[in-house]
Amino acid sequence: MLLLLRGVRVRCWLTLATGLVECLFFCGVVFGWPSLVFILKASGYFSDQCVNATGPNGTQYMDCSKQDELFSLDFTIASFLQRLIGLFSGFFFDRFGTMANRLLAITLYTTGTLMIAFSHPDISIILFPGLSFIAFGGIMLILTNIQVGNLFHAHRSTISTLYIGAYISSAITFLIIKVAFEKGISLQHAFFFLSACSIIHLMRTFILMPKMHIPYPLPEGYTYGTDQSCGQTKCNTCCFPKRTKDNTEPVQGEEGIENATSEQGSPPQTPQTDSFKQCVLSWFFLWHLVWVSVMALRINLFIGTLNPMLTQLAHGDTAQVSHYTNVFAYTQLCGILCAPLNGLIIDRFKGKQRAPGETEEESNLHSLVLSLFLTALQCLLFSICATIPVLPLQYLTFVLQVFTLSFGVGGNATFVIIVFPVCHFGKLNGVVNAVLCVVLLLQFPCIILVNEVLDGDPLYINIALCILCLAPFIHPAYVYIRWRRLANQRRRSAQPPPNDENAFSGDNEDKPQDAPGSS
């Protein structure tokens, strides 16, 4: 039994470590798009869109704005379709489980890398489906890895955000390809290597990952790796030592339904779970959509237009553009360090001893307020720095961008996991992706507006985006107000009522009506 328990522990930690590598080098490579654009331009992709033009002072120059538009359109379409496929992958993951989701993701990812590996400047159009398939596979792979945090109860948010940070830091992959390209290794050979790495993903799918899901809370006697289909049944041994009741008792406001069974084998009595429709229509979720949509639009527009922006600020100096592109990619690598900070903030608040009578929902909301506020503040500061057309200032812009992206992506997943029932996680994540795919379509009209109407000057668009970045502050404000309301309600209920009749009436008046996960 001891050897079995040690083997299960090793399997859990091996799953965690290999998942981190998978997220770091493969899942979010699209975030390194500026590095790939530099290679594609040097290789002559869409070069037929560059034309000779005459400047205001009569000088001749090469106008490649149409080429930049096509590259930006490629990234916009990939971002849009990535979010769109996220809607279906969430439902697919909830319905068919981990293995089916990963096999589909690996197929799409490998198809995309092979398309770019076989691409050529004469068939530049193949970049559009190629990048989109890579984005599809990456978002589906990260979805299956997020659940690994369920194996580590006390550090669940930290591990989830660590994976998100690794996902963001995947930009390092395209930077490595860029450096290799400058050393003489072709783009095609680099992507053939990425295609071959799909063998590693397959091995991890069949050897380490569960067939269906990793439940949370872990059922009594759950054994990860011995009987991975036991999400609703009793297994032989525990993956980790049995935790105390204070740590493991599932509460509806956070986790949805109880997965554990009683010692006699009969299912426990569980409170009623909010329906999927109730979750989607709650003010928590609606303000969360505003919070994540504004940040996603600002960040994606920045990444998609980074190369032409740097070219403009550097006055066409290719060496400076290459340098700043490398710096951007290096800062993305810091995402693996930034994102867990968000999880640590949340886990620290959740780990504090509760006040007498404090509910799980109240504790959850309290733990999220600071995280949501800091993310909104970072987004605003990032947008302001990106608006100022000073090249050296972009160092600070890159740092703020990676903090915003890390806290935003990690905070999105953590908020949905903590506030809403776990049985709706895949579907709610899919709805978020569906809304984002519509919002991200605004990128290309913004680019057209800058190039065709504003003569390539993005100042007014950036100012409008700075004003728009004030909207995400509504979300932490609403969560804070809700938390204070629950805390005041608890304090009032703790006071002895003057008589039984008034106490009964007060309970009915103070009962929360719109809290997700309330029974």
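**Exercises on a helix pair and the cavities**

In this predicted model, α17 passes α18 in a right-handed crossing.

**Exercise 1.** Determine how α17 and α18 are oriented to each other, and which residues form their contact.

*Solution.* Step 1: the two helix axes come within 10 Å and cross at roughly 140 degrees. Step 4: from α17, the residues Asn412, Ala413, Val416 and Ile417 meet Phe425, Leu428, Asn429 and Val432 of α18. Step 5: by class, this contact comprises 6 nonpolar and 2 polar residues, and no charged ones.

**Exercise 2.** Describe the largest cavity and its lining.

*Solution.* Step 2: its lining has 31 residues, of which Arg83, Ile139, Tyr167, Val409 and Asn412 are the closest to the centre. Step 3: at least two lining residues come from each of several helices, including α3 (65-117), α17 (394-419) and α18 (425-439). Step 4: the lining divides into 22 nonpolar, 8 polar and 1 charged residues.

**Exercise 3.** State the volume of the second largest cavity and the elements that line it.

*Solution.* Step 1: the volume is about 50 Å³. Step 2: among the lining residues are Trp33, Lys41, Asp68, Phe71 and Pro308. Step 3: α2 (33-43), α3, α12 and α13 (306-313) each give two or more residues to this lining. Step 4: the classes are 6 nonpolar, 3 polar and 2 charged.

Note on methods. Residues are numbered from 1 along each chain as its sequence is written. This is a predicted model: local features need pLDDT of at least 70, side-chain atom pairs count only at pLDDT 80 or more; totals for chains, interfaces and linings use all residues. Side-chain values use heavy atoms; hydrogens and water are left out. On a 1 Å grid over the protein atoms alone, a cavity is a set of points where a 1.4 Å probe fits but cannot get out, and a pocket is an open set with protein on both sides within 12 Å along at least five of seven lines; lining residues have an atom within 4 Å of a point. Grid points are joined across faces, edges and corners, and a volume is the space filled by probe spheres set on the points. Helices (H or I, at least four residues) and strands (E, at least two) are DSSP runs, numbered from the N terminus. Ala, Val, Leu, Ile, Met, Phe, Trp, Tyr, Cys and Pro count as nonpolar, Asp, Glu, Lys and Arg as charged, and the others, Gly among them, as polar. Axes are lines fitted to C-alpha atoms, for helices over the stretch in contact, and angles run from 0 to 180 degrees between N-to-C directions. Angles under 35 degrees count as roughly parallel, over 145 as roughly antiparallel, 65 to 115 as roughly perpendicular and the rest as oblique. A crossing is left-handed if the near helix is turned anticlockwise from the far one by less than a right angle, and right-handed if clockwise. Contact means heavy atoms within 4.5 Å.
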